[in-house]
Amino acid sequence: MGEHALLSPGGDAWRSLACAESELRLDLTLACGQSFRWRETAAGHWTGVMGGRVWTLSQTDEALWYHVYRRSGPGAGQVRPRKRRAGVTSGKGSAGAVKEEEEEEEEEPGAVTEVTDEEGEMLRDYFQLDVSLGDLYQQWGAADPHFQAIAGTFPGVRMLRQDPTECLFSLICTSNNNIARIHVMVDKMCQALGAQLIQLDGTSYHDFPSLSALADGGVEARLRDLGFGYRARFLQQSAAQILAPDRGPRWLEGLRTTAYPQALDALRALTGVGPKVANCVCLMSLDKAEAVPVDTHMWQIAQRDYGYARRKVQKSITDKLHRDVGDFFRTLWGPRAGWAQSVVFCADLERFQALKATAHLKQPKEEEEDEEKEVTGALEGTKTEAEGSGNAKRRKTKPARHEKAKTSV
């Protein structure tokens, strides 16, 4: 049994990608309800499963650090042995092999290293690091005063690009649920139906179940025994529908190249998938950045913070209301409206309200410091004016004496 890794930039076990905290905040992005596979295993260290691998992520001001573990078996829990490579080439295949062209030891192992290995590219893709979040925050802030007010407290909330199967079947579990309980349910589903990858400090990490495992006839009863309730039927039947001859194992991923409205309709045809789940899947795994998921929480935000149909009482989120609210935010925020929605949603979660309180505490202190600077500046200005006035008087009297002396000669 291995142990969870702690960041040690000087060791070969950790690698890094250049990424400022303003472009990615792990504590916000991984805990705001997009993915349910990550947990904080030490201060500032997030461990989870992605792409059939177990990772621990951490970050410094300008770098995203990552550590990848071996699978179970001899040496399980130890770091995948690596040297820093001068050049790597990503290969495709079931094993995701990486061809190493040449290996060189770094003279300064603590330095941030840019790499192009398969795992580095997996992280780039997962966090969509090719998108400049800073530019987007500026655009959204210029168009939306409410967004501008929260942007400084909630920087780096980035949209994940998840595996479509994992995203869909995790989100089916969100019906009438909360983030903490969804984490537990997804973990139970992975332990019951997914392959074990590794054990760290007594915690077993499993891969996400395959479609065939989820579609098995006995899955519904098994998941009901684990406390999934009616969601157990949704999970099993949706998996079976996807594996039907008219769809197939690659059907979900194929929706990435389908237009947003058509992808939305295709997902809605699955058992247990309503407009919110379908929009979440489109946004978080199918490259539909314009998708805006609307639940009762987002509906309250639209009314309270944006004055949208403020006096309208709505008992449930209908398809029409979902479209109308989505269109409202798409008009306001533009083609990546779903990304902006994730920031606003994150800022309203109960678990992050302490950040707002901290920001409010800092603001009066900064205002006091600004006032002190203004007062000090004013006093210095008065002093300078007084000194200048005195010098002017001396300059005026001095020529007078000279003129008098000249007259008397």
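**Cores, rings and charges**

Tutor: In this predicted model, the largest nonpolar core has 102 residues, of which Phe 127, Leu 168, Phe 169 and Leu 267 touch the most other members. A second, separate core of 11 residues includes Trp 14, Val 54, Ile 198 and Tyr 205.

Student: What does Leu 168 touch, once residues up to four places away in sequence are not counted?
Tutor: Leu 168 touches Ile 242, Leu 252, Leu 270, Val 273, Val 277 and Val 281, where a touch requires heavy atoms within 4.5 Å.

Student: Why does Thr 165 count as buried?
Tutor: The relative accessibility of Thr 165 is 14%, and buried means under 20%, so Thr 165 counts as buried. Thr 165 sits in helix α5, which spans residues 164-171, and, leaving aside neighbours within four places in sequence, its contacts are Phe 208, Leu 211 and Leu 252. For the protein chain as a whole, 45% of the 409 residues count as buried.

Student: What makes the pair of Tyr 126 and Phe 127 edge-to-face?
Tutor: Two values have to be set against the definition: the ring centres are 5.2 Å apart, where a pair needs centres within 6.5 Å, and the planes stand at 80°, where over 60 degrees counts as edge-to-face. The pair is therefore edge-to-face, and both Tyr 126 and Phe 127 are buried. A search of the whole structure finds 14 aromatic pairs. Phe 328 and Phe 329 form an edge-to-face pair as well, with 5.0 Å from centre to centre and 70° between the planes.

Student: Which of the labels, buried or partly exposed, belongs to Phe 328, and which to Phe 329?
Tutor: Phe 328 has a relative accessible area of 27%, which lies between the limits of 20% and 50%, so Phe 328 is partly exposed. Phe 329, with a relative accessible area of 0%, is buried.

Student: Why can the salt bridge between Arg 161 and Asp 125 be said to tie together parts of the chain?
Tutor: The closest N and O atoms of Arg 161 and Asp 125 are 2.9 Å apart. Arg 161 lies in the loop between α4 (145-151) and α5, while Asp 125 lies in helix α2, so the pair ties together parts that are 36 residues apart in sequence.

Student: Where do Asp 327 and Arg 330 lie?
Tutor: Asp 327 and Arg 330 both lie in helix α14 (residues 319-333), 3 residues or about one turn of the helix apart, and their salt bridge has its closest N and O atoms 3.0 Å apart. Asp 327 has a relative accessible area of 40% and is partly exposed. Elsewhere, salt bridges that share partners join Arg 53, Glu 118 and Glu 119 into one network.

Terms used: Residues are numbered from 1 along each chain as its sequence is written. This is a predicted model: local features need pLDDT of at least 70, side-chain atom pairs count only at pLDDT 80 or more; totals for chains, interfaces and linings use all residues. Side-chain values use heavy atoms; hydrogens and water are left out. Buried means under 20% relative accessible area, exposed over 50%, partly exposed in between (1.4 Å probe, protein chains only). Helices (H or I, at least four residues) and strands (E, at least two) are DSSP runs, numbered from the N terminus. A nonpolar core is a set of buried Ala, Val, Leu, Ile, Met, Phe, Trp, Tyr and Cys residues joined through side-chain atoms within 4.5 Å. Rings of Phe, Tyr and Trp (its six-membered ring) pair if their centres lie within 6.5 Å; planes under 30 degrees apart count as stacked, over 60 as edge-to-face and the rest as tilted. A salt bridge is a side-chain nitrogen of Lys or Arg within 4 Å of a carboxyl oxygen of Asp or Glu.
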